[in-house]
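Here's a quick briefing to keep open beside the viewer. Have the sequence and the 3D view side by side before you start reading.

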Amino acid sequence: MKKDKIVAMLLAGGQGSRLKNLTSKIAKPAVPFGGKYRIIDFALSNATNSGITDIGILTQYKPFLLNTHICVGKAWDFDRNSGGLRILPPYTSEAGGRWYTGTANAIYENIDFIDELNPEYVLVLSGDHIYKMDYNKLLNIHKEKNSDVTTGVIEVPWDEASRFGIVNVDDDNKIIEFDEKPENPKNNMASMGIYMFNWEALRNYLLEDHKDENSDNDFGKNILPKMLNDGKNMYAWVFKDYWKDVGTIKSYHEANMDLLDDDNTLNLYDRSWRIYTNNKNLPPQFISSDAKVSKSLVNEACEVCGELTNSILFHDVIIEKGAKVNNSVILSQCIIKKGAEVNNAVVLEGMVVGENKKVGTKDDGNLYLVCEEGIIKQ
């Protein structure tokens with residue numbers, strides 16, 4: 001066992017059904033974000049910026065686009081001769097082919113991969129959150145407390161606490177109870193789905209959990225409560241920077257709009273902690289003399305001839321002369337025709353908003369999804 005060696009296991013097979021049409025063809029971690037990224041870029045970039053050199057990506061739901069985006073991990077410096085990045089899909093075993101049955105089962109099915117790397121610690125991550133984190137800070141707390149597992153937690157709004165796994169702790173942040181999506185939460189400290197385990201301890205619990213026919217094979221429901229009941233040393237580390245679970249169209253829109261906020265704490269321009277992605281070889285954006293652009297992110301190969309305010313454009317978006325886009329997220333290869341007006345919307349890839357078509361109004365307080373099925377009020 002190599003001292004202080006970490007293997008990261010990134011769970012990236014989520015369907016993200018609450019994102020509706022955004023995930024009808026792709027896994028949630030592959031959803032575009034922030035004009036040029038995909039959601040998974042944040043966890044991958046955090047790992048490489050934290051000096052982690054070995055990572056397994058556990059894919060499942062509609063993985064083609066996600067696999068194509070990640071490839072061999074070159075964009076995140078994971079294309080290494082030893083270790084590096086490995087895509088770990090479900091596979092056929094003696095019991096036959098099946099999907100991973102839960103988060104813990106996904107790790108269990110890849111015990112051989114982890115054993116080959118022989119780490120001291122395993123870092124379990126989720127591929128569908130927006131945040132910047134130095135995982136070494138989590139490791140330092142883990143070692144300082146001589147913990148068997150340390151979980152990242154964050155304060156969430158009280159009215160949202162019931163949709164998260166809540167972690168109850170004592171004055172020293174030692175975990176005393178796990179409360180999975182409680183109707184009446186005792187606090188608002190939500191698990192981030194980020195866990196630092198001692199591999200030796202986790203390995204034993206995964207083997208035991210696999211034998212339990214009544215288990216959901218889930219970390220939050222099974223592994224962590226069992227470790228707690230067995231008196232294992234378990235601590236929470238409170239994360240106080242930006243973090244967003246983009247689980248709905250509304251939260252997806254909000255997270256994108258946060259990038260345009262003057263008080264935004266998710267700094268994409270911080271050269272000391274870059275967010276990397278698989279870049280496309282595209283021409284530069286074009287802003288015509290007729291255009292009016294303010295407080296917006298505009299990616300490559302866009303042509304803006306109309307009015308653009310407080311919005312985010314992915315690559316190859318055309319806004320024709322006389323068109324207006326406000327407070328919206330426009331995914332790649334969309335066309336907003338002349339005279340059209342788009343307000344408070346998420347416009348999916350390849351959509352055309354026709355001439356003089358109106359999507360919402362600036363102050364109607366609604367959010368709209370523009371997709372193949374039409375304009376859907378959220």
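What follows covers the cores, a helix pair and a handful of loop residues.

This is a predicted model, so a word on the ground rules: local features need pLDDT of at least 70, side-chain atom pairs count only at pLDDT 80 or more, and totals for chains, interfaces and linings use all residues. Residues are numbered from 1 along each chain as its sequence is written, and side-chain values use heavy atoms, with hydrogens and water left out.

**Nonpolar cores**

- A nonpolar core here is a set of buried Ala, Val, Leu, Ile, Met, Phe, Trp, Tyr and Cys residues joined through side-chain atoms within 4.5 Å; buried means under 20% relative accessible area, exposed over 50%, and partly exposed in between (1.4 Å probe, protein chains only).
- The largest core holds 89 residues, and L44, L123 and Y252 touch the most other members.
- Helix α1 (residues 40-49) supplies the largest share of this core, five residues; helices (H or I, at least four residues) and strands (E, at least two) are DSSP runs, numbered from the N terminus.
- There is also a second, separate core of 34 residues, with L58, F113, V122 and L228 among them.
- Back to L123: not counting residues up to four places away in sequence, its contacts (heavy atoms within 4.5 Å) include I6, V7, A8, M9 and I52, as well as Y135, L138, I194, Y195 and M196.

**The α6/α7 pair**

- The axes of α6 (residues 199-211) and α7 (residues 219-229) come within 11 Å and cross at roughly 120 degrees; axes are lines fitted to C-alpha atoms, for helices over the stretch in contact, and angles run from 0 to 180 degrees between N-to-C directions.
- The two helices are therefore oblique to each other, given that under 35 degrees counts as roughly parallel, over 145 as roughly antiparallel, 65 to 115 as roughly perpendicular and the rest as oblique.
- On the α6 side the contact is made by L202, Y205, L206, E208 and D209, and on the α7 side by F219, N222, I223, K226 and M227.
- By class, that contact has six nonpolar, one polar and three charged residues (Ala, Val, Leu, Ile, Met, Phe, Trp, Tyr, Cys and Pro count as nonpolar, Asp, Glu, Lys and Arg as charged, and the others, Gly among them, as polar).

**Two asparagines with positive phi**

- Most residues other than glycine have a negative phi.
- N217, in the loop between α6 and α7, has a positive phi of about 55 degrees, and N217 is buried at 13% relative accessible area.
- N327, in the loop between β21 (324-326) and β22 (329-330), has a positive phi of about 50 degrees.

**Loop residues and their contacts**

- K174 is in the loop between β9 (165-169) and β10 (175-180) and counts as partly exposed at 30% relative accessibility.
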